Amino acid sequence: MSDPSIVQEDLERLRLKVMDLDPDELYVERQAAQFLKVSEKTLQYWRFTGNGPKFVRISKRCVRYRRRDLIAWIEQHLKASTSEM
């Protein structure tokens, strides 16, 4: 069995690490898809249909996603039951 104080220290270190993440960090499409656990094709389709997270168009062929926008999109899609559609 693990020592509770060690587990608590590990949790605190993890919490601090997550808090250090820059919410405005830009992800390339591949990273954003990995973050959302979907394929790049799915992310492209969502972008095309306007159903995906907000994105930054750097140029015609250069798209980026801010971490904060990915998280906000996830939060907007939280449901409590399958009847919420």
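Entry 1. I began with Glu25, which is partly exposed at a relative accessible area of 33%. For my own reference, buried means under 20% relative accessible area, exposed means over 50%, and partly exposed lies in between (1.4 Å probe, protein chains only).

A note on the source: this is a predicted model, where local features need pLDDT of at least 70, side-chain atom pairs count only at pLDDT 80 or more, and totals for chains, interfaces and linings use all residues. Residues are numbered from 1 along each chain as its sequence is written, and side-chain values use heavy atoms, with hydrogens and water left out.

Entry 2. Which side chain meets Glu25 in a salt bridge? I found Arg67, at 2.4 Å from N to O. I count a salt bridge when a side-chain nitrogen of Lys or Arg is within 4 Å of a carboxyl oxygen of Asp or Glu. Arg67 lies in helix H4 and Glu25 in the loop between helix H1 (4–19) and strand E1 (26–27), so this pair ties together parts that are 42 residues apart in sequence. The helices (H or I, at least four residues) and strands (E, at least two) in my notes are DSSP runs, numbered from the N terminus. Arg67 itself is buried, with 8% relative accessibility.

Entry 3. Next I looked at Glu29 and Arg47, whose side chains form a salt bridge at 2.9 Å, N to O. Glu29 sits in helix H2 and Arg47 in helix H3 (residues 40–49), so I noted a link between distant parts of the chain, 18 residues apart. Are these two buried or exposed? Both Glu29 and Arg47 are buried.

Entry 4. Asp69 and Arg66 also meet through their side chains in a salt bridge, at 2.8 Å from N to O. Asp69 is buried at 11% relative accessibility, while Arg66 is partly exposed at 29%. Salt bridges with shared partners join Asp24, Arg66, Arg68 and Asp69 into one network. My count of salt bridges came to five.

Entry 5. Last, I turned to helix H2 (residues 29–36) and helix H4 (residues 67–76), which pack at an angle of about 35° with axes 11 Å apart. The axes are lines fitted to C-alpha atoms, for helices over the stretch in contact, and angles run from 0 to 180 degrees between N-to-C directions. Which residues meet there? Ala32, Phe35 and Leu36 in H2 meet Leu70, Ile71, Trp73 and Ile74 in H4, where contact means heavy atoms within 4.5 Å.
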